[in-house]
Amino acid sequence: MAKREAPEINAGSMADIAFLLLVFFLVTTTMDSDLGMMRKLPPTLPPDMPKPPPIKDRNVFVVLANANDQLLVEGELMDISELKEAAKEFIANPMNKEALPEKKPVDIPILGQRMVSKQVISLQNDNGTSYKLYIAVQNELASAYNELRDELAMDEFGVTYESLVEKGDKARAKAIKKVYPQRISEAEPKNVGGQ
Amino acid sequence: MSKFKKDDGKADPAISTASLPDIVFMLLFFFMVTTVMREVDLKVKISTPEATEIQKLKNKSLVTYIYIGEPNDTKVYGTTSRIQLGDAYANVKEVGAYIETKRGEHDEAEVPLLVTSLKVDEDTKMGVVTEVKQELRKVSALKISYSTREGAKK
């Protein structure tokens, strides 16, 4: 018996299937992106806890947000676009001004002794403040810290803070973080403007 | 002229369908995988605010979602912001219990790594968000993430 050659399979529909899979991959990858701002809530304190010592006024940067989405920063009405610069000046206190936070020397691995300011940012909002403004304020404050860290990392290591974190260079990133620790304290909200 | 003409009257042999089951299985597996990834049916309208200083949530299996926004069906439920836990509307008081049940689904070693992602509509008032945060503090679910869209850097 003579062997007959097997006919070739028609591969025309293979492309359709490949496209189907491709579309599927596209759809699923967009579903996968969950971005967010990571924060840590303060733990609940036992009721018999002694009161913490009061913080000096010059070390606190007070940001208040009311129900009309207006900002009061250190007693002055401010637009959200100016908040970052104001926060940066407060955190770093480059001119060692009297009104801005005190500094104390701290030994930091890699960087050596540094003057670290005792800054605290206090954020208080109203129950009627919109979530959009709250996130915008959080974003501006985080951005102020990140920019200062970036500047320091550029001066010291010639790379941005972000790239240190991305490369997993924990020791250096930690040192930078120690100079500019993010201290945002959220007070209990007021209920002036109603829900 | 005879270039396109068939040599003889013989019909084409049938295409082998042996690989068809493989393809179908491939699609089946795909569907199975994607249905696991699918999130809950949203009963509230959520358009998260924009931000630039954001991180990606890495381990999705460790994330619990809480949705807050205006109900889809405003004729029935009104326009006040509601909380959605899992597939249903919930009260603020139920947040703690929900977190506890989610914790029960994980190993004890994983519990400190659990993150709660707050998916909140940008027009929501802070009052309800703060209440939820206080509930989370009570059950010491302290790691939270405010879900946002990526905005353009200024």
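Residues are numbered from 1 along each chain as its sequence is written, and chains are lettered from A and ligands numbered from 1 in the order in which they are written. Because the model is predicted, local features need pLDDT of at least 70 and side-chain atom pairs count only at pLDDT 80 or more, whereas totals for chains, interfaces and linings use all residues.

Between the two chains, 34 residues of chain A are in contact with 39 residues of chain B, two residues being in contact if their C-beta atoms, placed from the backbone, lie within 7 Å. On the side of chain A that touches chain B, at least two residues come from each of α1 (14-31), β1 (35-40) and α3 (131-157), where helices (H or I, at least four residues) and strands (E, at least two) are DSSP runs, numbered from the N terminus. The largest share of that side, nine residues, is supplied by α3(A). The two chains also meet through strands, since β1(A) pairs in the antiparallel sense with β3 (residues 55-56) of chain B over two bridges, pairing being assigned if DSSP finds at least two bridges between two strands. Within this pairing, Gly36(A) has Gln55(B) of β3(B) as its bridge partner.

Chain B itself contains four helices and nine strands, which follow one another from the N terminus in the order α-β-β-β-β-α-β-β-α-β-α-β-β. Among the contacts in chain B with a separation of 6 or more, 77% are accounted for by residues 24 or more positions apart.
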